[in-house]
Amino acid sequence: MTDKSEWQGQVGSSWARQWQRTDRSFAPLTAILLERISSFADTRRIADIGCGAGELSIELAAARPDTEVLGLDISPDLISAASARGSHHPNLRFAVADASTWSDLSSAPDLYVSRHGVMFFDDPVAAFSNLHGSAAPRASLVFSCFRSPSENAWASKIGALVPSAPAANPHAPGPFAFADSAHVAGILSAAGWGDIAFEPVDFDYVAGSGEDPISDALDFFGHIGPAARAIRMLEGDARKQFLDRLRMLAESHLQQDKVRFSAAAWIVTAKK
Ligand SMILES: C[S@@+](CC[C@H](N)C(=O)[O-])C[C@H]1O[C@@H](n2cnc3c(N)ncnc32)[C@H](O)[C@@H]1O
């Protein structure tokens, strides 16, 4: 579980410092997502929900100079990283805002997009209802989210290194809250969205590259995701044992000079 206060604080700060690596880990997914978004061509205003350090917003602003792009996120550190990266696009703006309450009816978006930014809402039906109410008539929604942990080796294999109780509620806010497509379809339709469709996509999650891919992956895992959480919680011998196992895991996933894991996502589309 990753809650709102963590994104507003320490987790958001880590992501803001690690955006080059998170963008790298999502790179093949980003290409697929941008390709799917390209079929929603006739746009005047796009809002990127949970935009993080802004890669998707920046790509869209560059590709559509006549469309206003707004990136929204609850993490002030991520919004300042995104603003610094995207400042040269006149049609791009970033704002600290919560998708559950944000609204600007004078410039209502006709397209919402998100790369993995919608699985952390405390009350997803309320958040998607707010987005529905804040959208232009006939607006569309295109977002990605992870499928199950068992289909995401980077998560299941790291999870197997630390003994922990299974999450009491698999739909609690977190990276896998939207793994179950029936659950997500229920949320979206309860929030007023229709024409809901799910496309499964698989991609290579690169955790380490460069001159020393193993150290690069260990540093990345030390800051982002389930390993970073385990490192914060463990102490003494348990911590050392975990770090040794993490290194062995990274070594066993070194292929063609990169530390790679299989990853699986949904691309979800819907219409107002
Ligand atoms: C997994 S990160 C993805 C970030 C970015 N889209 C990317 O692909 O790098 C999830 C993002 O959702 C944001 N987020 C979580 N809850 C939110 C909310 N209620 N409103 C807006 N953003 C939220 C977090 O701060 C975080 O930046």
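At what angle do helix H9 and helix H11 pack, and how far apart are their axes? I looked this up first.

**Ground rules.** I am working from a predicted model, where local features need pLDDT of at least 70, side-chain atom pairs count only at pLDDT 80 or more, and totals for chains, interfaces and linings use all residues. Residues are numbered from 1 along each chain as its sequence is written, and side-chain values use heavy atoms, with hydrogens and water left out.

**H9 and H11.** I find H9 (residues 213-223) packed on H11 (residues 236-252) at about 130°, with the axes 10 Å apart. Helices here are DSSP runs (H or I, at least four residues), numbered from the N terminus. Axes are lines fitted to C-alpha atoms over the stretch in contact, and angles run from 0 to 180 degrees between N-to-C directions. The angle makes H9 oblique to H11; under 35 degrees is roughly parallel, over 145 roughly antiparallel, 65 to 115 roughly perpendicular, and the rest oblique. From H9, Ile 214, Ala 217, Leu 218 and Phe 221 touch Leu 246, Arg 247, Ala 250 and Glu 251 of H11, where contact means heavy atoms within 4.5 Å. I sort these residues into six nonpolar, no polar and two charged (Ala, Val, Leu, Ile, Met, Phe, Trp, Tyr, Cys and Pro are nonpolar, Asp, Glu, Lys and Arg charged, the others, Gly among them, polar).

**H10 and H11.** Next I checked H10 (residues 226-233), whose axis comes within 9 Å of that of H11 and crosses at roughly 155°. That makes H10 roughly antiparallel to H11. Ala 227, Ala 230 and Ile 231 of H10 meet Arg 239, Phe 242, Leu 243 and Leu 246 of H11. I get six nonpolar, no polar and one charged residue in this contact.

**H2 and H3.** I then looked at H2 (residues 10-17) and H3 (residues 19-37), with axes that come within 5 Å and cross at roughly 80°. H2 is therefore roughly perpendicular to H3. Trp 15, Ala 16 and Arg 17 of H2 contact Trp 19, Gln 20, Thr 22 and Phe 26 of H3. By class I note four nonpolar, two polar and one charged.

Note on methods:
Helices (H or I, at least four residues) and strands (E, at least two) are DSSP runs, numbered from the N terminus.
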